[in-house]
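Colleague: I have this model open and would like to go through its side-chain contacts and its surface. Can we start with the charged pairs?

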Amino acid sequence: MNSTATAPAPHAGATGAAPVPAPQSRTNRLRALARRPFVTAGLLAVVAVAIAFARPDFELISFSKAVVYAVAILGLSVVVGFSGQLSLAQGAFVGLGAYTGAILVADYNWPILATIPVAAVLGFLAGCLLGLPALRVKGHYLATMTLGLAIVFPMIIKRYSDFTGGANGKLARVDLAAPEWLALTNTQFRFLVICAIAGLCFLFVSNIARSRVGRAMALIRSNESAALSNGIAVRKQRVLAFGYAGLLGAVAGPLLIMVLEVAGPDDYALLFTILLTTGLIVGGVNSLWGALIGGGVIAFLPSFTADVVGGPQANILYAIVLIAMVFLLPGGLASLPAAVPGWIARYRERGSARTSRTAAQASDTSTSPTPTTQE
């Protein structure tokens, strides 16, 4: 005889009975699954492989640029979205990494992949140096200071033309071919390599966001006094935010060389920084998905508007679309899944209010006495 007795199920109305959890909806299950970084990385890997085989090589170049831009915007998201500081120097960090990769490949015959760690270290150090003045200035003063670096960087490149190629740029022939045992073209292989490195960057930032460093940056952004009272080293976290932004921007540099095989000073001027900032705002400031979406927007939207209208009107349409995105979704396109239920709820409320007003007017009309005329 079995000695373990099965406990009877508690009655629904019994006092102290544990509540039965409500069944989780399919939407909530998908959201919970998307919060797992490795599951999301696996899904994105499948999408990347599908794009590599489904699109021709000339389109894969645009997709590769979109992924590179996403890595650069990801670094900008760390300093702006995580720590709440303003920076307009991300284009200079990307240029630093690009010229590091181009010089090591062209002058010293380095493999392009071997230049990425060197660029990352240089970018991290440059970001930390830029973050030191952030200990004393904030807001638009800090933005103006970082804007100076974005303006000066192309001038420095042109000044040392013997080393950087000057205004003509630095040509770097990348020797990164697909292995023979893979049925891939060189463009497909490079696109997948770029996606793999970008995936590591996104996992890196995702881990930072969930770590003590990320929580400290979030507290500093929301309430600096509370962060100080909790013993958080505010100065250190600010410098680290710029360091991470410089690291990710510099990693994007060699990846861009892998696509373009040339680095020019005007490619990383102030306009490029504005482009990355636009992608950050349109995609979503404090979101990993926002960086990925923003990279796609700044890579594909200009060509899309040019195909729609063409000529100078394409720039006007491009500006209108950007303004509409920011106006309708202040939190960026990454906030669209959260904004749609609110839009639907407001639409239903307006519909029910309109129906109530119509019913009330009809009731008043039916109950009002009919005027009689006296003869």
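Modeller: A salt bridge here is a side-chain nitrogen of Lys or Arg within 4 Å of a carboxyl oxygen of Asp or Glu. This is a predicted model, where local features need pLDDT of at least 70, side-chain atom pairs count only at pLDDT 80 or more, and totals for chains, interfaces and linings use all residues. Residues are numbered from 1 along each chain as its sequence is written, and side-chain values use heavy atoms, with hydrogens and water left out.

Colleague: How many salt bridges by that rule?

Modeller: The count comes to 7 salt bridges.

Colleague: Which residue does arginine 55 form a salt bridge with?

Modeller: Arginine 55 pairs with glutamate 59, and the closest N and O atoms are 2.7 Å apart.

Colleague: Is arginine 55 buried or partly exposed?

Modeller: Arginine 55 is partly exposed, at 38% relative accessibility. Buried means under 20% relative accessible area, exposed over 50%, and partly exposed in between, with a 1.4 Å probe and protein chains only. Glutamate 59 is also partly exposed, at 22%.

Colleague: And what does lysine 138 meet in a salt bridge?

Modeller: Glutamate 224, at 2.9 Å from N to O. That pair links distant parts of the chain, 86 residues apart: lysine 138 is in the loop between α5 (115-131) and α6, and glutamate 224 is in helix α10 (residues 224-229). Helices are DSSP runs of H or I with at least four residues, strands are runs of E with at least two, and both are numbered from the N terminus. Lysine 138 is partly exposed, with a relative accessible area of 45%.

Colleague: Where does glutamate 261 sit?

Modeller: Glutamate 261 forms a salt bridge with arginine 190 (3.0 Å, N to O). Glutamate 261 is in the loop between α11 (234-260) and β2 (262-263), while arginine 190 is in helix α8 (residues 186-210), 71 residues away. Glutamate 261 counts as buried, at 16% relative accessibility, and so does arginine 190, at 15%.

Colleague: Which residues are joined into one network by shared partners?

Modeller: Lys138, Glu224 and Arg238, through salt bridges that share partners.

Colleague: Switching to rings. What makes an aromatic pair?

Modeller: Rings of Phe, Tyr and Trp (its six-membered ring) pair if their centres lie within 6.5 Å; planes under 30 degrees apart count as stacked, over 60 as edge-to-face and the rest as tilted. The count is 7 aromatic pairs. In one of them, tyrosine 268 and phenylalanine 272 have ring centres 5.7 Å apart and planes at 90 degrees, so the pair is edge-to-face.

Colleague: Are tyrosine 268 and phenylalanine 272 buried or exposed?

Modeller: Tyrosine 268 is buried, with a relative accessible area of 1%, and phenylalanine 272 is buried at 8%.

Colleague: Now the outside. Which residues form the nonpolar patch?

Modeller: Tyr108, Trp110, Ile151, Val152, Met155, Ile156, Tyr160 and Phe163, with about 830 Å² of accessible area together. Patch residues have over 30% relative accessible area and no salt bridge; like charges are joined within 9 Å, nonpolar side chains (Val, Leu, Ile, Met, Phe, Trp, Tyr) within 5 Å. Areas come from the Shrake-Rupley method with a 1.4 Å probe, and for residues only the protein chains shown count as cover.

Colleague: Which helix gives the largest share of that patch?

Modeller: Helix α6 (residues 139-159), with 4 residues. Phenylalanine 163 lies in helix α7 (residues 161-164).

Colleague: And which residues form the positive patch?

Modeller: Arg346, Arg350, Arg354 and Arg357. Lys and Arg count as positive and Asp and Glu as negative, while His and the chain ends are not counted. The charge is placed at NZ of Lys, CZ of Arg, CG of Asp or CD of Glu. Arginine 354 lies in helix α15 (residues 336-367).
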